[in-house]
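User: Hey, I'm new to this one. Can you walk me through a few spots?
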Amino acid sequence: MAESVDRDANRALRARFDEVYGQYRRLRSGLDELQRELTELRVTERSADGQVTAVVGARGELISVEVSPGVFHDRDARALSRKITETVLRASAAAADATRELVAGYLPPGSPSVDFLRTHDFGALLGRADAVASRGE
């Protein structure tokens with residue numbers, strides 16, 4: 001009887017291992033594609049009046065800013081600075097959303113890694129690992 005229980009437990013462990021390993025292989029095979037997509041990701045935002053255009057990459061890094069010549073007629077440097085800053089911040093937020101969507105497509109549903117990209121909460125990111133470690137799995 002003990003042998004039968006051991007065999008059943010081994011089968012269950014093997015099935016779980018195969019499932020996890022399959023998820024890992026799918027994730028690993030898609031990482032090169034994900035990296036390429038993230039490298040190529042560009043998000044463009046325009047100010048409400050269309051005078052400022054900001055382009056950012058996947059991490060929200062500024063790629064370029066274009067200012068239409070008409071913006072200089074006002075000669076209001078502070079207003080221009082605010083307009084540029086607001087446009088760049090909107091572009092960076094949109095890039096963060098686009099990055100989360102891309103990454104989510106390569107991770108298992110409910111992955112804490114995707115939530116971490118939104119919340120930046122290391123506790124939540126490591127919560128599953130902590131729970132597993134405390135159970136001794």
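User: Where is tyrosine 24 placed?
Analyst: Tyrosine 24 sits in helix α1, which covers residues 2-40. Keep in mind that this is a predicted model.

User: Which residues make the nonpolar surface patch?
Analyst: That patch is made by Phe17, Tyr21 and Tyr24, and its area is about 340 Å². Phenylalanine 17 is partly exposed at 46% relative accessibility, and tyrosine 21 is partly exposed at 40%.

User: How many aromatic pairs are there?
Analyst: The count is one aromatic pair. Phenylalanine 17 and tyrosine 21 have ring centres 5.8 Å apart and ring planes at 5°, so the pair is stacked.

User: How far apart are phenylalanine 17 and tyrosine 21 along helix α1?
Analyst: They are four residues apart in helix α1, so about one helical turn separates phenylalanine 17 from tyrosine 21.

User: New topic. Where is glutamine 51 found?
Analyst: Glutamine 51 is in the loop that runs between β1 (43-46) and β2 (52-56).

User: What does the side chain of glutamine 51 make a polar contact with?
Analyst: The partner is the side chain of lysine 83, at 2.9 Å.

User: And which residues is glutamine 51 in contact with, leaving aside neighbours within four places in sequence?
Analyst: Glutamine 51 contacts Glu66, Val67, Ser68, Gly70, Val71 and Lys83.

Terms used: Residues are numbered from 1 along each chain as its sequence is written. This is a predicted model: local features need pLDDT of at least 70, side-chain atom pairs count only at pLDDT 80 or more; totals for chains, interfaces and linings use all residues. Side-chain values use heavy atoms; hydrogens and water are left out. Patches are made of residues with over 30% relative accessible area and no salt bridge: like charges are joined within 9 Å, nonpolar side chains (Val, Leu, Ile, Met, Phe, Trp, Tyr) within 5 Å. Accessible areas come from the Shrake-Rupley method with a 1.4 Å probe; for residues, only the protein chains shown count as cover. A salt bridge is a side-chain nitrogen of Lys or Arg within 4 Å of a carboxyl oxygen of Asp or Glu. Helices (H or I, at least four residues) and strands (E, at least two) are DSSP runs, numbered from the N terminus. Rings of Phe, Tyr and Trp (its six-membered ring) pair if their centres lie within 6.5 Å; planes under 30 degrees apart count as stacked, over 60 as edge-to-face and the rest as tilted. Buried means under 20% relative accessible area, exposed over 50%, partly exposed in between (1.4 Å probe, protein chains only). A polar contact is a pair of N or O atoms within 3.5 Å; within protein, one must be able to donate a hydrogen and the other to accept it, and residues adjacent in sequence count only if both atoms are side-chain atoms. Contact means heavy atoms within 4.5 Å.
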